[in-house]
Amino acid sequence: MSSFGKVAMVTGAGSGVGRATAVALAGEGYSVVLTGRRPDPLQETVSEMGGGGPATLVVPGDVGRPEAVESLFAQTKERFGRLDLLFNNAGIGAPGVPMEDLTYEQWKAVVDVNLTGVFLCTQQAFKLMKSQTPRGGRIINNGSISATTPRPNSAPYTSTKHAVTGLTKSTALDGRPFDIACGQIDIGNAGTPLTARMAEGVPQADGSIAVEPTIDADHIARAVVYMASLPLDANVLTMTVMATQMPFVGRG
C-alpha cells in the first residue's frame, strides 16, 4: 500500500461524471490522479475536492495519444508508486448527422478517445498493477447505455461503446491471473453539460423529438465508489445506472 493510501486515476476528470467521481473518491480517502485535455477545468475539479496537495496529481493530456498516456502513468508511478483504481471515463461524441455526412476526421477523433484511449490507459494500468506490491487493482470503464442501444445518427459513439464492452470482458479475463478486476458502468442520462440539450428535446428512434429526464451525476459517482470498494476477489462486471423514465427499456 502506498503511503498516500489507495490511489485512483480518473480520465475526463474536468467535468460531468469524471468530476463528480473524482470528488467522491477524494471524499472516500483516495489519492486521486486527474487527467483531461483542458487544464482549467481540471483545476476547478481540484477546487471542488477541497484543493490540491500531495494526495492530488493533475496531468493534462489526451488519452488518445500513446505518448501522453505513457507520461501520465510514469508521473503517477513517480508520485504514488502504485495505482489501485483506473476509471476510464473520458469520451467524446460526433455531430448527430447522417452517417454518409460524417468525415473521416470526425470518426477517427471519437475512436481515438473512446476506444483507443481506454485501451492505452488499460495497457499502462496492467503494467503497473502487475508489478506493484501488493499486486493487482481495479479498472472501471464508462460504457454508456450506448454500449447496448444506439441513438439515431450516433454511429461513431455507439460503435466505440460497443467495443468498450468487448474490451471490458477481455480485460476482466486477462486480468484474472494478476488480481486485476475489470467492470463497466453503463450510464443513462447523467445530468452533465453534454446532456443539457435533452431538456429541449432530442431525436428518438421513431423520428419524433422528445424531452428526456436526467439524473444527478453524483448517483454515478456513488456507484463507481461502490464498485471500487469491493475486494479484488469480487467484481461488478456490468452495472447500469439510468434515469428511470428515460426511453431506453422497451420499443419505440
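This is a predicted model: local features need pLDDT of at least 70, side-chain atom pairs count only at pLDDT 80 or more; totals for chains, interfaces and linings use all residues.
1. Residues are numbered from 1 along each chain as its sequence is written, and side-chain values use heavy atoms, leaving out hydrogens and water.

2. Helix 1 covers residues 16-27 (helices are DSSP runs of H or I with at least four residues, strands runs of E with at least two, numbered from the N terminus). Gly29, with a positive phi near 95 degrees, follows helix 1.

3. Several residues of helix 1 are buried, including Val17, Ala20 and Leu25 (buried is under 20% relative accessible area, exposed over 50%, partly exposed in between, with a 1.4 Å probe and protein chains only). Arg19 and Ala22, with Val23, meet Pro41, Glu44, Thr45 and Glu48 in helix 2 (heavy atoms within 4.5 Å).

4. Have a look at two rings: Arg79 lies over the face of Phe80, 5.8 Å from the ring centre, and the charged end of Lys130 sits over Phe178, 4.0 Å from the ring centre (NZ of Lys or CZ of Arg within 6 Å of the centre and within 35 degrees of the ring normal).

5. Thr133 to Pro134 is a cis peptide bond, omega near -5 degrees. Pro134 is in the loop between helix 4 and strand 5.

6. Ser144, not a glycine, has a positive phi of about 75 degrees and counts as buried at 7% relative accessibility.

How values were computed
The expected span of a helix is 1.5 Å times one less than its number of residues.
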